[in-house]
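Here's a quick briefing to read alongside the model. Keep the sequence and the 3D view open as you go.

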Amino acid sequence: MDMALDQNGEISDEALLVAYGNGDREAAFALTTRLTPRVLGFATRMLGGDRAEAEDVSQEAMLRLWKVAPDWRQGEAKVTTWLYRVVSNLCTDRLRKKRGVDIDAIEEPADGRPAVTSRLIAEDRARALIGAMRDLSDGQRQAVTLRHIEGLGNPEIAKIMQISTEAVESLTARGKRALAKALAHRREELGYGDE
Amino acid sequence: MAMNNIDMLNENELEALFEAARDTAPMPSQALWDRVHAGAEAALPTPHSFARTQPVRVGLLAGLIAAIGGWPSLAGLATATLAGVWIGFSNPEALTDSSVALLLPGLSQTETYELEDFDPGLNGFSAMLEEG
């Protein structure tokens with residue numbers, strides 16, 4: 001079967017989704033491999049590092065993707081845009097339900113000990129960042145994650161969040177400023193001490 | 001290099017954190033892979049099935065008509081039946097009429113005929129019947 005290719009010469013997400021919607025089991029396998037890590041990464045960051053909850057959200061988001069496949073309207077939205085929006089909504093719902101719960105009960109990111117390898121430094125930095133992102137508003141956390149970790153452009157983020165591009169820029173800027181302030185006192189711990 | 005503001009990370013420092021987050025993205029557990037695959041399998045659409053047609057209930061008469069080839073053949077059957085009835089009720093006439101004369105040009109309309117007249121191989125058959 002001929003399928004539409006994306007800019008990397010791979011079968012596009014949409015073509016795979018349509019194939020799955022027509023009963024192609026292998027298309028589901030390809031989509032799962034391609035999209036589940038992205039969904040999990042985004043959900044984990046949105047949920048402040050709560051891995052178990054992020055896996056539940058990922059499963060639910062992928063299930064919704066399978067269910068929408070037969071009715072997918074081609075050319076209207078990117079599959080990833082749709083999926084990020086679903087994950088975003090699921091995470092927001094869960095965060096609302098958790099309001100009032102001590103989010104610090106979630107695994108504490110940094111232990112303060114100096115990291116001995118670059119990998120450990122990276123892990124410490126990532127944990128510190130995710131920990132600090134818990135204190136952002138949901139919108140700031142979502143915008144910063146999509147822009148600076150998932151690497152999406154502002155127009156696509158605007159579609160995911162269903163807000164204007166200007167609003168995305170504003171949320172991102174305020175979120176970054178808040179992170180920069182929150183993490184400033186941890187420079188040494190983050191490996192910036194000698195710079 | 002930009003001067004550090006002690007109260008804020010600079011752009012490079014912040015970017016390094018984002019890069020670290022990208023590099024240490026969580027990978028799905030085996031359990032999550034399994035759950036997602038199971039979901040895909042459970043929701044796998046089947047190819048659009050053709051609309052199921054309900055079997056048509058066929059009555060005995062309709063079945064019989066269909067068995068002999070439908071209404072056209074029934075018309076032929078009715079014609080044959082009527083012809084048989086007509087033949088059955090008609091008075092038999094002696095085969096001395098003009099139609100037999102046409103078959104046996106050698107006979108006049110008032111002459112009788114024997115079976116041998118039609119088939120010479122039956123010569124003597126009529127006499128045998130008469131004798132019993």
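This is a predicted model: local features need pLDDT of at least 70, side-chain atom pairs count only at pLDDT 80 or more; totals for chains, interfaces and linings use all residues.

Residues are numbered from 1 along each chain as its sequence is written, chains are lettered from A in the order in which they are written, and side-chain values use heavy atoms, with hydrogens and water left out.

**Chain B**
- Chain B has seven helices and zero strands, with helices being DSSP runs of H or I, at least four residues, and strands runs of E, at least two.
- Of its 132 residues, 20% are buried, meaning under 20% relative accessible area with a 1.4 Å probe, protein chains only.
- Residues 24 or more positions apart supply 0% of the chain B contacts with a separation of 6 or more, a contact being heavy atoms within 4.5 Å.
- Carbon and sulfur atoms hold 63% of the accessible surface of chain B, about 10,300 Å² (Shrake-Rupley method, 1.4 Å probe).

**Nonpolar cores**
- A nonpolar core is a set of buried Ala, Val, Leu, Ile, Met, Phe, Trp, Tyr and Cys residues joined through side-chain atoms within 4.5 Å.
- The largest has 45 residues, and Y20(A), M62(A), L65(A), W66(A), L83(A) and V87(A) touch the most other members.
- Elements giving two or more residues to this core include α4 (79-98) of chain A and α2 (30-43) of chain B.
- Leaving aside residues up to four places away in sequence, L83(A) touches L35(A), V39(A), A61(A), M62(A) and L65(A).
- Another core lies apart from it, with 19 residues, including A126(A) and Y192(A).

Conventions
Buried means under 20% relative accessible area, exposed over 50%, partly exposed in between (1.4 Å probe, protein chains only).
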